[in-house]
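Colleague: I have a few questions about how you label things in this model. Can we take them in turn?

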Amino acid sequence: AFLSLGADLDQAPAEQIFGFREISENKLTGDYEENFDLSISAISDEEMALLEGSGLSLSQRLSNTQKKSWGSLGLNYGSMALGTLEAYYDEEMLQAALPDYSSKVFLINLGEGLEEEILNAPVMDLAGVPQEEKAQMAHSLASALNSPFGETVTAGELWDRFRESGQAVTDFVEGVQVEKVGKETFQMDGKDVKCTGYEVIIGRDILVDFIKSYMDFIWNDEEVKELILNQVGASLELYAQNGGGAEEGYDQMVQDVQDAVDQVCSALTDVHMMVYVDGDGRMAAWDLETALNSEGEEVSLALNLRPQGGTYLTQNMTASIQIEGGGDTISADLEKAGSYENGTMEESGKLTFSADGEEASMNWLIAYDSEGETWDASLGLGTSDAPEMFTAQAHGIVDELEKGTRISASMDELSLQATGQEIKLEGSYSYQKTEEAPASLEGDQLNVFTATEEEWQSVIDEMSEKFQGILLTPMFQDGVQ
């Protein structure tokens with residue numbers, strides 16, 4: 001029943017039209033390029049009008065197969081182009097360039113000798129790094145820069161390994177008490193459907209055993225540990241007390257997380273559920289009740305879910321969660337509706353939060369017309385006192401579309417309104433698979449950690465001169481006009 005909630009997501013309209021799953025998978029394992037730009041077209045506040053024309057542009061080309069990446073960021077302030085930052089990365093080097101400010105391409109050679117280069121770098125003295133901090137900083141920075149490119153372990157892979165590693169999953173399933181009860185009628189796929197109910201009780205002890213078994217598996221999985229140490233080893237060194245290394249930081253992090261898990265487990269109680277399924281085994285209803293007991297105080301939790309189907313099970317649904325404790329009640333309610341007919345997709349929803357007699361809500365609408373290739377979206381935020389505290393409305397067109405492979409979309413207008421003011425923006429986005437590998441930056445290379453103070457002073461002087469030129473250009477243009 002629970003697996004059915006995500007079993008048919010490939011039938012979701014957005015997936016059928018755009019192929020987002022294939023795009024996501026390619027971003028993790030394949031090669032692609034992406035472009036995004038956003039700019040301010042109008043501002044209602046006259047004092048802020050000078051920001052009109054401001055914006056940014058982002059581009060990246062990434063190859064997971066060759067472990068190379070390139071990216072650029074461009075910024076505008078009003079009608080003035082502030083410049084572009086370019087960067088390139090592979091397993092041997094990291095490059096960066098500010099072509100509008102410097103003729104140099106800044107280079108960091110990655111590998112075993114990086115820590116020594118950082119430790120003896122003249123730029124460390126130029127930046128005023130104290131001598132006693134250099135070794136720690138050099139080690140942390142070298143570890144971060146030398147981290148492996150794009151290696152991950154997904155939650156699905158972890159779960160499969162955990163399930164195959166021992167009896168924990170089997171023991172949990174066998175320990176759950178399930179009793180078949182009567183039938184009830186629920187709305188599914190636009191029809192009244194009689195569904196079979198099951199009363200489910202998950203005892204506190206088997207729940208605690210399962211949680212602790214899973215956490216023990218995570219901490220004892222050598223691949224996970226190696227990835228954590230490689231990806232965030234520098235952060236773990238900072239996490240460690242008394243200047244310890246990444247291993248010490250990892251052990252300390254594990255202990256802190258374990259303490260938090262133990263605290264949660266000590267407060268758990270039995271979980272009571274009612275689950276209803278239709279004739280195909282799809283979930284039609286789920287009600288859950290449990291509580292947390294900590295130091296004599298009880299907090300109760302109630303959850304309700306009603307998947308109502310459509311082109312996929314959760315296209316139309318309602319859900320709610322309620323937390324009570326100490327005389328206070330906090331609740332959240334979700335209503336979601338969608339349709340997909342004649343190439344037109346529409347999805348809307350409303351999420352409402354309530355606490356202490358106050359209410360806040362968020363509502364949204366997304367629509368796409370395949371025939372006209374147009375899209376619309378809106379978002380609203382409100383409270384009991386200000387029902388339209390914030391609104392956002394956008395529309396545009398999908399210029400190019402090849403499912404899962406290529407998409408190019410423009411945003412003709414995004415209107416943001418709050419406190420009586422309005423800002424309008426425009427932009428575009430594109431994505432496509434590519435076989436073209438990212439190229440390294442060309443130009444006069446300056447090694448960041450071996451460059452002398454004189455070389456850095458020359459760079460600073462050049463950047464200062466060009467920055468002043470960029471600032472003065474609009475003034476000269478205004479004078480000519």
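Colleague: How do the residues lining the second largest pocket divide into nonpolar, polar and charged?

Modeller: This is a predicted model, to begin with. The lining has 18 nonpolar residues, two polar and no charged. The pocket has a volume of about 360 Å³. It is lined by 20 residues, and Phe2, Val176, Val200, Ile202 and Met273 are the closest to its centre. Phe, Val, Ile and Met count as nonpolar, so these five fall in that class.

Colleague: Which strand gives the most to that lining?

Modeller: Strand 10, with five residues. Strand 8 and strand 9 are also among the elements that give two or more.

Colleague: Why are helix 7 and helix 9 called roughly perpendicular?

Modeller: They pack at an angle of about 110 degrees. The class runs from 65 to 115 degrees. Helix 7 and helix 9 are therefore roughly perpendicular to each other. Their axes are 11 Å apart, and the crossing is right-handed.

Colleague: What makes the contact between these helices?

Modeller: Helix 7 brings Leu158, Trp159, Arg161, Phe162 and Ser165. Helix 9 brings Phe210, Ser213, Tyr214, Phe217 and Ile218. By class, that is seven nonpolar, two polar and one charged. Arg counts as charged, so Arg161 is the charged one.

Colleague: What is the volume of the largest pocket, and which residues lie nearest its centre?

Modeller: The volume is about 590 Å³. Of 29 lining residues, Phe20, Trp375, Ile407, Ala409 and Tyr429 lie nearest the centre. The lining divides into 20 nonpolar, six polar and three charged. Strand 18 gives the largest share, five residues.

How values were computed
Residues numbered from 1 in each chain as written. Predicted model: local features only at pLDDT ≥ 70, side-chain atom pairs only at ≥ 80, totals over all residues. Heavy atoms only, no water. Axes fitted to C-alpha atoms, helices over the stretch in contact; angles between N-to-C directions. Helix = DSSP H or I, 4+ residues; strand = E, 2+ residues; numbered from the N terminus. Parallel < 35°, antiparallel > 145°, perpendicular 65-115°, else oblique. Left-handed = near helix turned anticlockwise from the far one by under 90°. Contact = heavy atoms within 4.5 Å. 1 Å grid on protein atoms, 1.4 Å probe; cavity = no way out; pocket = protein on both sides within 12 Å on 5 of 7 lines; lining within 4 Å. Points joined across faces, edges and corners; volume = space filled by probe spheres on them.
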